[in-house]
Amino acid sequence: MSGQGTGGLPTGLVTDPAYWAHKPSAWHPECPARLTAVLDGITKAVPGEALLRLAPRPATLEEIYRCHPPQYVELVREEVEAGFGTLSTGDTDIGRRSYEVALLAAGGRPALCLADKPELERLFIEFAEGRA
């Protein structure tokens, strides 16, 4: 596998060491070992020169509110800070740094990472033209 798409464009990878700080309960599938396995698979499949590593930035609250109501975001922040193991909504396991990591993960969406780097605009343009 070359790891390069249309027009020889690199494969983008957004990651940060903080992603390993999201540590829900031991049995939960969203764990550091799973992240390590996924990244190992990507780096074995895509040659280093074809891999464009992008650093995430924390999403702003305005960006988060596009997907989640402010009351929910505040509930998550409060319950993570209080040391809950599961959100009171009952559907999400959390750890002590889950709020911080969630903001980074949301800010790590490729469109946001590239939007902060005008010099990479050609990647979007070339990809879009290659797919047309």
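Because the model is predicted, local features are reported only at pLDDT of at least 70 and side-chain atom pairs only at pLDDT 80 or more, whereas totals for chains, interfaces and linings use all residues. Residues are numbered from 1 along each chain as its sequence is written, and side-chain values use heavy atoms, with hydrogens and water left out.

The secondary structure of the protein consists of six helices and two strands, where helices (H or I, at least four residues) and strands (E, at least two) are DSSP runs numbered from the N terminus. Along the sequence, these elements follow the pattern β-α-β-α-α-α-α-α. The protein has 132 residues, of which 31% are buried; here buried means under 20% relative accessible area, exposed means over 50%, and partly exposed lies in between, with a 1.4 Å probe and protein chains only. The accessible surface comes to about 8300 Å², and 59% of this surface belongs to carbon and sulfur atoms; the areas come from the Shrake-Rupley method with a 1.4 Å probe, and for residues only the protein chains shown count as cover. Among the contacts (heavy atoms within 4.5 Å) with a separation of 6 or more, residues 24 or more positions apart account for 63%.

A nonpolar core is defined as a set of buried Ala, Val, Leu, Ile, Met, Phe, Trp, Tyr and Cys residues joined through side-chain atoms within 4.5 Å. The largest nonpolar core has 10 residues, namely Ala-59, Ile-64, Val-73, Val-76, Val-80, Leu-87, Ile-94, Tyr-99, Leu-103 and Ala-106. The elements that give two or more residues to this core are α3 (70–81) and α4 (98–107). A second, separate core has seven residues, including Tyr-19, Ala-21, Leu-54 and Leu-104.

Helix α3 has 12 residues, and the distance from its first C-alpha to its last is 17 Å, close to the 16 Å expected at 1.5 Å a residue, where the expected span is 1.5 Å times one less than the number of residues. Within α3, the residues Val-73, Val-76, Glu-79 and Val-80 are buried. Seen down the axis of α3, its buried residues fall within an arc of 135°, so they line one face of the helix; the arc is that of the directions from the helix axis to the C-beta atoms. On the other side of α3, Gln-71 and Glu-81 are exposed, while the buried residues of α3 pack against α2 (61–65) and α4. Val-80, one of those buried residues, touches Ile-94, Gly-95, Arg-96, Arg-97, Ser-98 and Tyr-99, when residues up to four places away in sequence are not counted.

Just after α3, Gly-83 takes a positive phi of about 85°. Gly-85 is found in the loop between α3 and α4 and is partly exposed, with a relative accessible area of 40%. Leaving aside residues up to four places away in sequence, Gly-85 touches Thr-92, Asp-93 and Ile-94. Gly-85 and Gly-95 are 10 residues apart in sequence, and their C-alpha atoms are 6.1 Å apart in space.

Helix α4 is mostly covered, since seven of its 10 residues are buried; these are Ser-98, Tyr-99, Val-101, Leu-103, Leu-104, Ala-106 and Gly-107. Ser-98 has a relative accessible area of 5%, and, not counting residues up to four places away in sequence, Ser-98 touches His-22 and Val-80. The C-alpha atoms of Ser-98 and Val-80 are 6.6 Å apart in space, although the two residues are 18 residues apart in sequence. A polar atom of the Ser-98 side chain lies 2.7 Å from the backbone nitrogen of Gly-95. A polar contact is a pair of N or O atoms within 3.5 Å; within protein, one must be able to donate a hydrogen and the other to accept it, and residues adjacent in sequence count only if both atoms are side-chain atoms.

Another such pair involves Glu-63, whose side chain has a polar atom 2.9 Å from the backbone nitrogen of Thr-60. Glu-63 lies in helix α2 and counts as buried, at 13% relative accessibility. Arg-109, in the loop between α4 and α5 (110–115), counts as partly exposed at 41% relative accessibility. The C-alpha atoms of Arg-109 and Leu-54 are separated by 9.9 Å, with the two residues 55 residues apart along the chain.
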